[in-house]
Amino acid sequence: MARSGTSPAVRAEQFIWLTARVLEQRRFAFHFLDGGPDAVEAALAAYLGDDGGYGFALEPDLRGPVSQPLHTAHALRVLDEIGRCGDRRMERVCRYLTSVSTPDGALPALHPSLRGYPAAPWIPLVDDPPSDLLATGPVVGLLHRNEVWHAWLFRATDFCWAAVEALGNGARTHPYEVAAAVAFLDGAPDRRRAQAAAERLGRVVREQRLAVLDPARAADYPLPEGYAPGEHHYPHDFAPTPQSSARSWFTDAELERSLDFLAASQQEDGGWPVRWHEWAPGTRLEGRPMVTLNALLTLRAYDRAV
């Protein structure tokens, strides 16, 4: 039965029931309506391929049935949030990750098996793709945080350390790359090294003005090349929970302004907006419920009323 009220979660609930895929409906029920994890995992199983990876547009910017690293990273985040990153599930996933890895043992942003299916135009499809921190960092960090041990992790971890330590050394980085680095650092087992790397990366973020510290002056901050108009990133994007390695990058006042902006961004229909490029009709429709769930979870993580 639908609940009455005007809280952000209640307004978002109506939006979720109206627009979301079954997976996001089940995730919302798990987080905010005392739903069980089995239902979430059953919905996620619809995206599972015979090879142990995930496909079928689980990540909306990649279409088609074939498994991809970015789909599989998305699936791992869902399994992590429901506490299902253990036992034989991870063995199967790691076998898939091994099968699609580059020669240096990491993951490409886009595996060439997607050729012939639609994909966002900003993700290049090449026959011999390079390793990519955006694809590899979140997966490696999550597996380490869940104490998963597999041979695939050794070289992939080495790649992540090298990629993170190269960020900002004489070249510009961008918010999505930084977020992938943070996801790795949050789970990296060498905590002293991770803390030192995070402190240096925080200085890079401030020096390159990658985080909008005053939402009222967002237009004064540069947008990285290829980003959509208004596709700025704020402190809460880098530190979605107080436990994030990026939390110390921002003062309490900067974070409070960021969270105020996030709360105020809920739209009249109860959902939050997609700020990246929309390249196909379905990507916005499928993306907004995901963004909405993330916004609610971030607000709740910082004890904001939802």
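Q: What counts as buried here?
A: Buried means under 20% relative accessible area. Keep in mind that this is a predicted model.

Q: OK, take Glu24. Buried or exposed?
A: Glu24 is buried, because its relative accessible area is 0%.

Q: And where does Glu24 sit?
A: Glu24 belongs to helix 2, which covers residues 22-32.

Q: Which residues does Glu24 touch, leaving out those up to four places away in sequence?
A: Ile16, Pro289, Met290 and Leu293.

Q: Switching to helices. At what angle do the axes of helix 3 and helix 4 cross?
A: Roughly 170 degrees, and the axes come within 10 Å. Helix 3 is residues 37-45 and helix 4 is residues 69-81.

Q: Parallel or antiparallel, then?
A: Roughly antiparallel, because an angle over 145 degrees counts that way.

Q: Which residues make the contact?
A: Helix 3 gives Val40, Glu41 and Leu44. Helix 4 gives Ala75, Val78 and Leu79. By class, that contact has five nonpolar residues, one charged and no polar.

Q: New topic: the largest nonpolar core. Which residues touch the most other members?
A: Leu143, Trp152 and Trp249, out of 82 residues in that core.

Q: Which helix gives the largest share of this core?
A: Helix 7, residues 152-166, with eight residues.

Q: Back to Trp249. What does Trp249 touch, not counting residues up to four places away in sequence?
A: Its contacts include Val178, Val182, Leu201 and Phe238. Arg206 and Glu254 are also among them.

Definitions and conventions: Residues are numbered from 1 along each chain as its sequence is written. This is a predicted model: local features need pLDDT of at least 70, side-chain atom pairs count only at pLDDT 80 or more; totals for chains, interfaces and linings use all residues. Side-chain values use heavy atoms; hydrogens and water are left out. Helices (H or I, at least four residues) and strands (E, at least two) are DSSP runs, numbered from the N terminus. Buried means under 20% relative accessible area, exposed over 50%, partly exposed in between (1.4 Å probe, protein chains only). Contact means heavy atoms within 4.5 Å. Axes are lines fitted to C-alpha atoms, for helices over the stretch in contact, and angles run from 0 to 180 degrees between N-to-C directions. Angles under 35 degrees count as roughly parallel, over 145 as roughly antiparallel, 65 to 115 as roughly perpendicular and the rest as oblique. Ala, Val, Leu, Ile, Met, Phe, Trp, Tyr, Cys and Pro count as nonpolar, Asp, Glu, Lys and Arg as charged, and the others, Gly among them, as polar. A nonpolar core is a set of buried Ala, Val, Leu, Ile, Met, Phe, Trp, Tyr and Cys residues joined through side-chain atoms within 4.5 Å.
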